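Please open the model in the viewer and keep the selection panel at hand.

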Amino acid sequence: MTTFLNPNEVVIAIRKASTENLLTHILESISGANPVFNVSKCGLGCSLSISYQVREVQLHLATPEIVVDTLNLDTTLQFQLSLDFSNLYDCLSSILPLPPRCLTLCIPFTNICATKCLDLGSIGLPVAIPLSFSLSGLYELKEEVVIDDDGQPYWHVYLQIDFITPLVLDVARTIQRICDAIASELPWPLSIVAGDLCSVFGQVFDVLENAINTLAVELTDLFFKATGGWVGIQLKFAPIYKLRQNAVPGTSNPAIPALINSLTSVINSANELDVRFLLMPAP
Amino acid sequence: MPNTPSVDPPIVTRDDARMLIHEAAFASVLAGMKKAFPQLFLYGSFNVPPSSQHDPISIPSPTGGVDVVINYRIDLDDFAVDLAPADITVGSFLDPFNLGPGNAAVYSQVTIDLAGNPVSAWQVRVTVQIWLECSISLGSDGWLNLQLLDASLHIDQVSNSSLIAALNHVVHDYLQTVLPQLRLPVTPLVTNQWMSISPTALLLQLDAADLSFKITVQ
């Protein structure tokens, strides 16, 4: 059965090679840093942020999915623990009968006073945990309307992971990054020793990695396949592209009002990126 | 016979990408432009924004001086776009043109307010429905060329078909004389952080505009 263009419909199709080139370029440019939490109480502070960067991408289209052959993601968890002893002392002194940390002296029969506080100092403990992931697998495109930072509704098109081949931490890569970091801090000749030690660790962890991989593949099978394919991990935090819902695409400042309805993005049976929507008059 | 292009894969027939736009989507764009830039569709000597304001029409007296001053205001609203085949009817006014390849028809309702000087002295409103025939082509130099070819009027208040035919004839002759045209640069059409696209071909067919593109990833 032949399908024809519907009233108000706009169809955009991009050839396989161009789509692969474009998606590779977009995925390779994904990087950023996000705070996870930052709490502080009684002088005790704790924060965690995560930075991420896609290192290598190789993919091809095989309808109806995007087959990602290689997608290596480097992340670094920046954990910061800090303790301000002065604040901690003040906090504890409200609970326990401790001598005051501050002493105020005044000249008799005047209003002239001076306060001197004992500074107990503080310590900070930054911990950087590098983690690398191999995210090769089967992906598809999904879309949803999201109110963006500017208060306007946007169609976000993002990737959904339908199946990850080895859903594992890339242990070898993680060890390599830790070793590189250690070696860069140590003076010669310790840096060479660090390199040798790391290569031994690497061999040990290779065995561990294989075991983890086997376990992860089985878990992945259980997670994705046993559910009949209806479960997917939606990468909504990193949209591939955005389209303003209440404006003609490509217009801004000022945007021409319109309404984009029923947006769909698929890899069609000819392995083209196939984007369709209805461009309706603005309400 | 299908009235729109097939969207069965493979959709791309030349270059890197293809965009098919149904004629009704163009009408949505025109309606949006009216909301975003009302001054583009409003023209005259009173009750219009300063950017579209012009002097009233002064009719000279045969004995010298000015006999009468007429204020005017022209507002375009309610748009439609028709690509071949000519099959769109707005109200009871069917697209009258026999559209050839590369031709499109644009409908608008034109509200013309005529008033005395001062405006409060007298006022008359005439509503005209108009179909404009245009040719659209994409030049090899990366410019989109639009040319107004013909116009066909329909005025509700005027039932005399001979008068309407005469008016259409006058408008047709006027357009043939002045050949109003518009040129828009479209290469590259869209540039974002990842790519730019350049239109390479434009075909108007079966109620849809059919654009082919080259994509440059950057």
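**The paired strands**

Begin with strand S1 of chain A (residues 9-14) and S1(B), which run antiparallel and are joined by five bridges; two strands pair if DSSP finds at least two bridges between them. Within this pairing, select Ile12(A), which stands opposite Met19(B) in S1(B). Helices (H or I, at least four residues) and strands (E, at least two) are DSSP runs, numbered from the N terminus.

The model is predicted: local features need pLDDT of at least 70, side-chain atom pairs count only at pLDDT 80 or more, and totals for chains, interfaces and linings use all residues. Residues are numbered from 1 along each chain as its sequence is written, chains are lettered from A and ligands numbered from 1 in the order in which they are written, and side-chain values use heavy atoms, with hydrogens and water left out.

**The interface**

Next, select the 35 residues of chain B that are in contact with 38 residues of chain A, where contact means heavy atoms within 4.5 Å. The two chains bury about 3000 Å² between them, 67% of it on carbon and sulfur atoms; this buried area is the accessible area (1.4 Å probe) that two parts lose on being put together, summed over both. On the side of chain B that touches chain A, strand S1 (17-22), helix H1 (23-36) and strand S13 (208-217) of chain B each give two or more residues. H1(B) gives the most, with eight residues.

How many salt bridges cross the interface of chain B and chain A? The rule, a side-chain nitrogen of Lys or Arg within 4 Å of a carboxyl oxygen of Asp or Glu, finds zero there.

**Salt bridges in chain A**

Now select Glu20(A) and Lys16(A), which form a salt bridge with the closest N and O atoms 2.8 Å apart. Because they are four residues apart in helix H1 (residues 16-28) of chain A, about one helical turn separates them. Glu20(A) is buried at 15% relative accessible area, while Lys16(A) is partly exposed at 31% (buried means under 20%, exposed over 50%, partly exposed in between; 1.4 Å probe, protein chains only).

Move to Asp148(A) and Lys242(A), a salt bridge whose closest N and O atoms are 3.2 Å apart. Asp148(A) lies in the loop between strand S8 (137-147) and strand S9 (153-164) of chain A, and Lys242(A) in strand S12 (residues 241-244) of chain A, 94 residues apart.

**Last stop in chain B**

Finally, select Arg14(B), Asp15(B) and Lys214(B), which are linked in a network of salt bridges.
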